[in-house]
Protein chains: 2
Amino acid sequence: MVRLKRRFVIPEEIRVEVEEKGGFEQIVQGLPRDEMRVVTKVIDTLSDPQRVKILYALARQRMCVCMLRRVIGSSYPRCSYHLSKLKRGGLVRSERLGNYFIYSLTPFGKSIVKHFRKYRPEVRT
Amino acid sequence: MVRLKRRFVIPEEIRVEVEEKGGFEQIVQGLPRDEMRVVTKVIDTLSDPQRVKILYALARQRMCVCMLRRVIGSSYPRCSYHLSKLKRGGLVRSERLGNYFIYSLTPFGKSIVKHFRKYRPEVRT
DNA sequence: TAAATATTTCAAAAATTTTTTAAATACTAG
DNA sequence: CTAGTATTTAAAAAATTTTTGAAATATTTA
């Protein structure tokens, strides 16, 4: 005895809305893949309280690693790890100054802080 | 023989800039703690490609879980897990419609997508 | 050149997040 | 009421990320 697989059913009320937009597949295919990829990457790069703190600190003042590790209260390797992540995401850059590495925000990094600042989400936590 | 602990030293060039801003401690204390906390939370809530996809899909059309799980290609529990995270972050909400749960973006969730959209970061990946 | 400093890299350990599987809920339809 | 559906919850397993500690680099200073 063959068993028919149930096919994809969506609630009536919603189906109407979906139809108007050309159907479910249409909607899914229309998602902005590139934008989503970039957003995902940037967000991934930032998803850690310490990295967010670094971002904000650098928005105020460029700093060497010995300063940044104080900002987030961590060891060198730990700080270095976070910095490299932020760097990979294109949010910060570094340049050598003698024995120091000076980190600062890239224009992209700056724009992100500016955005947050402008937006100031008011979420209850 | 007592050994003096080296004290916190920062490169000259940078120290000048820092002084102008009232010193290192000043800068650190001046960081916008509340804003950073909220940003961290929102980002944490979103930090996953599937959750970003859900966010964008809901920006187009409210959906039940059976639709969303198709959008991200996952099982129910997995989808449910991501939704609950997004919910905790205040980005989405759900309402029951018979046997279905219809998820949609909160105003806050919408504003975030709008922001990304407006910004359209152009990062090379 | 040798010693010290700032920082990075690496690998292992620890912590956290995500996925899976099974079971629980709540509603609808027969 | 019973069976079926959509969804959530819970607990364990798997995967990923973060932290740590030790060692490697590059630069400066003595």
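Biologist: How many residues does the contact take from chain A and from chain B?

Modeller: This is a predicted model. Contact here means heavy atoms within 4.5 Å. On that rule, the contact takes 56 residues from chain A and 56 residues from chain B.

Biologist: What area is buried between chain A and chain B, and what part of it do carbon and sulfur atoms give?

Modeller: On the side of chain A that touches chain B, the residues divide into 33 nonpolar, eight polar and 15 charged. As for the area buried between the two chains, it is about 5700 Å², and the part given by carbon and sulfur atoms is 69%.

Biologist: Which residue of chain B forms a salt bridge with A:R62?

Modeller: Across the interface of chain A and chain B, the rule finds four salt bridges. A salt bridge needs a side-chain nitrogen of Lys or Arg within 4 Å of a carboxyl oxygen of Asp or Glu. For A:R62 the closest N and O atoms are 3.2 Å apart, and the partner is B:E13.

Biologist: Which element gives the most to the side of chain A that touches chain B?

Modeller: Elements of chain A that give two or more residues to this side include α1 (12-20), α3 (33-46) and α5 (65-72). The most, nine residues, comes from α3(A).

Biologist: Which residues lie nearest the centre of the largest pocket?

Modeller: The largest pocket has a volume of about 240 Å³. Its lining takes at least two residues from each of α4 (49-60), β3 (100-105) and α7 (107-119) of chain A. By class, the lining has seven nonpolar, three polar and five charged residues. Of the 15 lining residues, those nearest the centre are A:L58, A:A59, A:R60, A:L105 and A:V113.

Notes: Residues numbered from 1 in each chain as written. Chains lettered and ligands numbered in written order. Predicted model: local features only at pLDDT ≥ 70, side-chain atom pairs only at ≥ 80, totals over all residues. Heavy atoms only, no water. 1 Å grid on protein atoms, 1.4 Å probe; cavity = no way out; pocket = protein on both sides within 12 Å on 5 of 7 lines; lining within 4 Å. Points joined across faces, edges and corners; volume = space filled by probe spheres on them. Helix = DSSP H or I, 4+ residues; strand = E, 2+ residues; numbered from the N terminus. Nonpolar A, V, L, I, M, F, W, Y, C, P; charged D, E, K, R; others polar. Buried area = accessible area lost by both parts, 1.4 Å probe.
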